[in-house]
Structure formats: C-alpha cells, structure tokens
Amino acid sequence: MKKSLLTSIIALGVFGITNTEFGVVGILPQISKHFQVSVSQTGMLVSLFALIIAISGPFMTLLFSGINRKKILAGILVIFVISNVLSAFAPNYTVLLLLRLLPAFFHPVYFSVAFAAAASSVPEEQRATAVAKVFTGLTVGMVLGVPITSFIGDQFSLEAAFLFSAVINAIAFAGILKWIPSMPVEEKLSYGNQLKVLVKPQLWLNIAAASFILAALYAVYSYFAEYLTAVTSMNGKMISIMLILFGASGVIGNLQAAKLLGKSVVKTILFYPILLGIIYLLIFIAGSHTIPMILIIMAWGAVFTGGLIVSQTWITSEASEAPEFSNSLFVSFANLGVTIGTTLGGWFLSRIGTHQIIWSGLLFLTLAFMCIRMKIKLFDAKRIEGHY
C-alpha cells in the first residue's frame, strides 16, 4: 500500500481522538445547560481527561509495548467509538464524566504507537515527514475539531456532537482494518537510554516552559464559547462561526510558526509568550466589542496554534537523542498544562467573573517566560545567534 495512505489513516485516528478530547470545549455551555451544572464544572471534562493522559501516558505506553501495532491502533479506536456513543446518551453529568475517563488512559498509547508506526513505514530519510503528517491530525483536531463540534451541537443537538466524534473514530478504525498491514514489533524498545535524558536540567526547564504555555493557552481557550457569550454577547451561531474562523487562522499560524522555528528555535520560543500576552491584553480591553473581537480572534487563532508546535519543538530540541520518548514527554506534560490551565481558568471564571479569565492566561505566560529566560541564560546564551 502507499505509505502516504498509511500515515493519512493513522492521522485521521489522531484527529478523531484529539476531537474527543477537545471537541467538548465548543459545547461546554450546552453541556452545562443540558445537565444543569456550572460551566466551570463542565471544564472538568477537559481537565480530568488531560490529567489522566499526563499521569498515565508513559506507563500505559510501556504496558502495551511489544504488541502488534495494528491491533493497538484498531483496539483503541474501538474504545473511543464506544465511549462517544455512550456519551451521547449519558443520563447525567457524572456518567458523562466517567465515560470520558476510560478512553483517556488509551489516548497517549495511540499517539506513541502512531508516531512509531509512521516512522517505521518509510525509509529513514522520510521518517520526519511521516511523523509530521501524523502530527497534523493533532493540530487539525485541536483547531478545527472544536468549531465543527460546536457547529453540529448548535445546529442539531448535543447528542449529534458526540456522535460526530464516534463516526470519525469509526472511519479511522475501518481504514486501519482494511488498509494497514499487520505491524508486529520485531524488537521491543528499551527505555533505558531514552530515560537518561531526564537527568538533563535544561530539559526540565523546557518541559516547565512548554507546560506553562499550554496552561496559558487553555486557561482562556477552554472557556472560549462562554467568554463570547457572556462578554461579547454573541449567540450560538455566531460563536460557531468564530470558532471556525479561529481554526482557519490557526492553520496559517501553524505554518508560520514552523518557518520561524526553522530559523531559530530560541528566538521563537522567547518571543512567543510576549506575542500571546499582547493578544490576551487586547481581548481584555476590547472583548466586549464585536468587530474588534472578530479581528482579535483571527490573530488569536494563528498565535494559539503556533504555540502547540513551538512547545513541542522546545521539548524535543533538548532530547533529540530520544525522539520518541521526548514526544511522549510533550504529550504528557502538554496535557498536564491543559489540566492546570483549565482548572485555574475555571476558578477565575467562577470566583471573579468570565472577563477575568484573561489574567489566568497572563499568569501562566509570565511563568513560561521566566523558565525560558532561565534556560537561555544558563544553557543557551552562546547559541541564540545560531539556528538553534
């Protein structure tokens, strides 16, 4: 089979799983109204999912190592299909929350196996391109899955929004069964040498900075729909359009961030918190005005998506000798950042008001900038002028 088809199918599964995790962001107000719980409470659907990924990722991946990769990919997608179908008809919020906890344990396993399968399917010189294509499923799921899910929820029903994720995962499952060949693990990977990267203090500073950036992103973005409802006074249809606009500009931001990283990783990561901080201040100042907010959302979407690639590159740049393990660290700590950010953003929302959640994002950006500056001062001062 064509290698491009293999990576495309695996990437579709990544999109479906990512949409399961983040798609609810666009329908949190509907979930809140349907189950009669607060919006900050519904934020747990995002934060607990991410927390499980952050904690269980390395252990679950290790547990399933050595198993035929095709079986793992297909089996996990089945779990996500069942979870989404049952979520569509959950009788109460507690059941809905529990239905999201189980697949969260398998999320990092799919990602780890997906990257490994894509890399092993092509010659060594093409591996980076193959893995990048699979990574596109994550990016698209984060920036486009939310507006699509929000649109379906607003135009049809809450049940339809969950069933959308189920259908995507089911299509990916069928594609894996039909077109992906058996992929037995010929040699079980040893984690000994990969674990050695954890003794590098500079890696931990990079991990901290990336985690704080993800926290800054989702402290505000997790309540995107609620903010536009309460502060900008937009209706459901308008919010759906804004989410699509946000996602579309995100694709452009993704490409631009990649170009900047190609020129200098250090300069890009140093500039990023400042740029996002400016966007947040503009949101705080002009968030109640529709036209200015539309323009800000276009810029916000581009900067938001760039943060995903910037954070991933910042972590993996300090562990290039163990690329797969460093990617698993990104998945784990990115979700830890999402958990922390969503939780604090929800606290700000419930305690001091929706408009004030911007300050939670700025707090995390300040912490990220401090970590970046410390890393550069201690380890990278002589390399800033280079391409690193």
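At what angle do helix α8 and helix α13 pack, and how far apart are their axes? In this predicted model, helix α8 (residues 145–155) meets helix α13 (residues 236–263) at an angle of about 160 degrees, and their axes are 8 Å apart. Because an angle over 145 degrees counts as roughly antiparallel, α8 is roughly antiparallel to α13. The crossing of α8 past α13 is left-handed. On the α8 side the contact is made by Val146, Pro147, Ser150, Phe151, Asp154 and Gln155, and α13 answers with Gly236, Lys237, Ser240, Leu243 and Ile244. Sorted by class, this contact of α8 with α13 holds five nonpolar, four polar and two charged residues.

## Two further helix pairs

Helix α14 (residues 265–286) and helix α15 (residues 290–316) have axes that come within 9 Å and cross at roughly 150 degrees. That angle makes α14 roughly antiparallel to α15. Here, too, the crossing is described simply: α14 passes α15 in a left-handed manner. The contact residues of α14 are Val265, Val266, Thr268, Ile269, Tyr272, Leu275, Leu276, Ile279, Tyr280, Leu282, Ile283 and Ala286, while α15 brings Pro292, Met293, Ile296, Ala299, Trp300, Val303, Phe304, Gly306, Gly307, Val310, Thr313 and Trp314. By class, the contact of α14 with α15 consists of 20 nonpolar and four polar residues, with no charged residues.

The other pair joins helix α2 (residues 28–35) and helix α9 (residues 158–179), which pack at an angle of about 130 degrees with axes 10 Å apart. The two helices, α2 and α9, are therefore oblique to each other. In this pair α2 passes α9 in a left-handed crossing. Gln30, Ile31, His34 and Phe35 of α2 make the contact with Leu158, Glu159 and Phe162 of α9. The contact of α2 with α9 counts four nonpolar, two polar and one charged residues.

| Helix pair | Angle | Axis distance |
|---|---|---|
| α8 and α13 | about 160 degrees | 8 Å apart |
| α14 and α15 | roughly 150 degrees | within 9 Å |
| α2 and α9 | about 130 degrees | 10 Å apart |

## Cavities

The largest cavity has a volume of about 90 Å³, and the second largest cavity holds about 70 Å³ of space.

Which residues line the largest cavity? They are Glu21, Phe22, His107, Phe111, Leu138, Met142, Leu214, Phe330, Val331, Ala334, Asn335 and Val338. At least two lining residues come from each of α1 (3–22), α6 (93–120), α7 (127–143) and α16 (323–352). Helix α16 gives the largest share of this lining, five residues. By class, the lining of the largest cavity has nine nonpolar residues, two polar and one charged.

The second largest cavity is lined by Gly57, Pro58, Thr61, Pro108, Phe111, Ser112, Phe115, Asn327, Ser328, Val331 and Ser332. Two or more of these residues are given by each of α4 (44–63), α6 and α16.

## A residue of α16

Finally, where does Phe333 sit? Phe333 belongs to helix α16, the helix that supplies five residues to the lining of the largest cavity. Leaving aside residues up to four places away in sequence, Phe333 touches Trp204, Ile207 and Ser211. Phe333 and Ile315 are 18 residues apart along the chain, and their C-alpha atoms are separated by 9.8 Å.

Methods:
Residues are numbered from 1 along each chain as its sequence is written. This is a predicted model: local features need pLDDT of at least 70, side-chain atom pairs count only at pLDDT 80 or more; totals for chains, interfaces and linings use all residues. Side-chain values use heavy atoms; hydrogens and water are left out. Axes are lines fitted to C-alpha atoms, for helices over the stretch in contact, and angles run from 0 to 180 degrees between N-to-C directions. Helices (H or I, at least four residues) and strands (E, at least two) are DSSP runs, numbered from the N terminus. Angles under 35 degrees count as roughly parallel, over 145 as roughly antiparallel, 65 to 115 as roughly perpendicular and the rest as oblique. A crossing is left-handed if the near helix is turned anticlockwise from the far one by less than a right angle, and right-handed if clockwise. Contact means heavy atoms within 4.5 Å. Ala, Val, Leu, Ile, Met, Phe, Trp, Tyr, Cys and Pro count as nonpolar, Asp, Glu, Lys and Arg as charged, and the others, Gly among them, as polar. On a 1 Å grid over the protein atoms alone, a cavity is a set of points where a 1.4 Å probe fits but cannot get out, and a pocket is an open set with protein on both sides within 12 Å along at least five of seven lines; lining residues have an atom within 4 Å of a point. Grid points are joined across faces, edges and corners, and a volume is the space filled by probe spheres set on the points.
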